[in-house]
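Some terms used for this model deserve a check against their definitions. The questions below take them one at a time.

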Amino acid sequence: MNEEKKQIPRGIRNNNPLNIRKGSNWKGERPNQTDKAFEQFISLEWGIRAAFKLLRNHISGFKGTRPKMNTYRKIITMWAPPNENATEEYINYVCRQCQTQPSDIIDPDNRKQMVWLAREMAFVECGQYIDLKKFESAWDLLV
């Protein structure tokens, strides 16, 4: 991989800014997957859409089949476990940026709340901001 490509965060290169690991077949996946660990999408919007789907499922408890991960602390701890991440820093950053508390409940159907949550999580995951319009367009792909 050339130096210029290495400088682009993996999540951005993969159009997967929340770094969804391999494991599901997603709408908008790249047909040729070259990353062994993380999903790759045809555009940022499709990668963000997949993140919204996954976040919403975890927040709502997969329609009652699993425990709800419906607070900022629960969802981020599940997404970025302490054995791999600086989870407390991740939680504190996202909550500060979203002007919320770690124990606040997340409504998986609240567009504004979910867009901001995903955008701030993507910043932590990739180290750079992605245009808010990409997240809003991705939300529209959920329908």
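Q: Where is D35 found?
A: D35 lies in the loop between α2 (10-13) and α3; helices are DSSP runs of H or I with at least four residues, numbered from the N terminus. The model is predicted, so local features need pLDDT of at least 70 and side-chain atom pairs pLDDT 80 or more, while totals for chains, interfaces and linings use all residues. Residues are numbered from 1 along each chain as its sequence is written, and side-chain values use heavy atoms, without hydrogens and water.

Q: Why is D35 called buried?
A: Buried means under 20% relative accessible area (1.4 Å probe, protein chains only). D35 has 10% relative accessibility and therefore counts as buried.

Q: What is D35 in contact with?
A: Contact means heavy atoms within 4.5 Å. Leaving aside neighbours within four places in sequence, D35 is in contact with R10, N14, K22 and Q40. The D35 side chain also reaches the backbone nitrogen of A37 at 2.8 Å.

Q: What puts the buried residues of α4 on the same side?
A: In helix α4 (residues 72-79), the buried residues are Y72, I75, I76 and W79. They cover an arc of only 90 degrees around the axis, so they are on the same side of α4; the arc is taken from the directions from the helix axis to the C-beta atoms. Their cover includes α3 (44-64), α5 (87-98) and α6 (111-126).

Q: Which residues have the most contacts inside the largest nonpolar core?
A: They are F52, L55, V94 and M121, in a core of 37 residues. Such a core is a set of buried Ala, Val, Leu, Ile, Met, Phe, Trp, Tyr and Cys residues joined through side-chain atoms within 4.5 Å. α3 gives the most to this core, with 8 residues.

Note on methods:
Buried < 20%, exposed > 50% of the residue type's maximum accessible area, 1.4 Å probe, protein only. Helix = DSSP H or I, 4+ residues; strand = E, 2+ residues; numbered from the N terminus. Polar contact = N/O pair within 3.5 Å; in protein donor to acceptor, adjacent residues only side chain to side chain.
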